[in-house]
Amino acid sequence: MKRHSPTRRLTLITMLLAMSILMHMIEPSLPIPIPGVKLGLANILGLITMFLFGIKSMIMLNFMRVIIASLLRGIIFGTGFWLSMGGVILSTFITIVLYKKSKLSPVGLSVASSAFHGLGQILVLMFINDTVMMIYWLPLLWFSSVPTGMVTGTLSAQVLKRLKV
């Protein structure tokens, strides 16, 4: 992590936040043939933030992205908000644990993050719908988390490589 002046640091984190909100907002319009599956493009910016500015900045970016994007969509505290928040909580947690305890690359971190994002969403759905039957979606989400995590992790790694981090 490079040292930046406070103003430069804030500016860069704000730009990363704006880009992650944009990715979060446009991603549902991308055609994915599997219902409920998204690429997780905003995760690219979360990983970049973690490698550039540290864990605290990534946590802030991930939570602010969900809150601001939900406000902009008009779904704050709706089902979509809670699904996003549940996924972000678990995916951020596992990313931090694996970042601190292992030598995983951005690709490995992204795959794990994707898998736990799906788990967080399923747990929220089980709570909202008051049924454990939603657990049957989990294998599909975990199966799709490998290629989507690999794509977002590879993109993150390429950006970090070009930034020479």
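Me: Which element gives the largest share of the lining of the largest pocket?
Reply: H5, with eight residues. A pocket here is an open set of 1 Å grid points where a 1.4 Å probe fits, with protein on both sides within 12 Å along at least five of seven lines; lining residues have an atom within 4 Å of a point.

Me: What kind of model is this?
Reply: A predicted one: local features need pLDDT of at least 70, side-chain atom pairs need 80 or more, and totals for linings use all residues. Residues are numbered from 1 along each chain, and side-chain values use heavy atoms, without hydrogens or water.

Me: Back to the largest pocket. How many residues line it, and which lie nearest its centre?
Reply: 40 residues line the largest pocket. Nearest its centre are Gly36, Lys38, His117, Gly118 and Gln121.

Me: And which elements give two or more residues to that lining?
Reply: H2, H3 (55-73), H4, H5 and H6. These are helices, meaning DSSP runs of H or I with at least four residues, numbered from the N terminus.

Me: New topic. How many aromatic pairs are there in the whole structure?
Reply: The search finds four. Rings of Phe, Tyr and Trp (its six-membered ring) pair if their centres lie within 6.5 Å; planes under 30 degrees apart are stacked, over 60 edge-to-face, the rest tilted.

Me: Take Phe51 and Tyr99. Why is that pair edge-to-face?
Reply: The planes of Phe51 and Tyr99 stand at 90°, with the ring centres 5.4 Å apart, so the pair counts as edge-to-face.

Me: Where do Phe51 and Tyr99 lie?
Reply: Phe51 is in helix H2 (residues 42-53) and Tyr99 is in helix H4 (residues 79-101). So the pair ties together parts that are 48 residues apart in sequence.

Me: Is Phe51 buried or exposed?
Reply: Buried, at 18% relative accessibility. Buried means under 20%, exposed over 50%, partly exposed in between.

Me: What about Tyr99?
Reply: Tyr99 is partly exposed, with a relative accessible area of 32%.

Me: How are the rings of Phe81 and Trp82 arranged?
Reply: Phe81 and Trp82 form an edge-to-face pair. The centres are 4.8 Å apart and the planes are at 75°.

Methods. Buried < 20%, exposed > 50% of the residue type's maximum accessible area, 1.4 Å probe, protein only.
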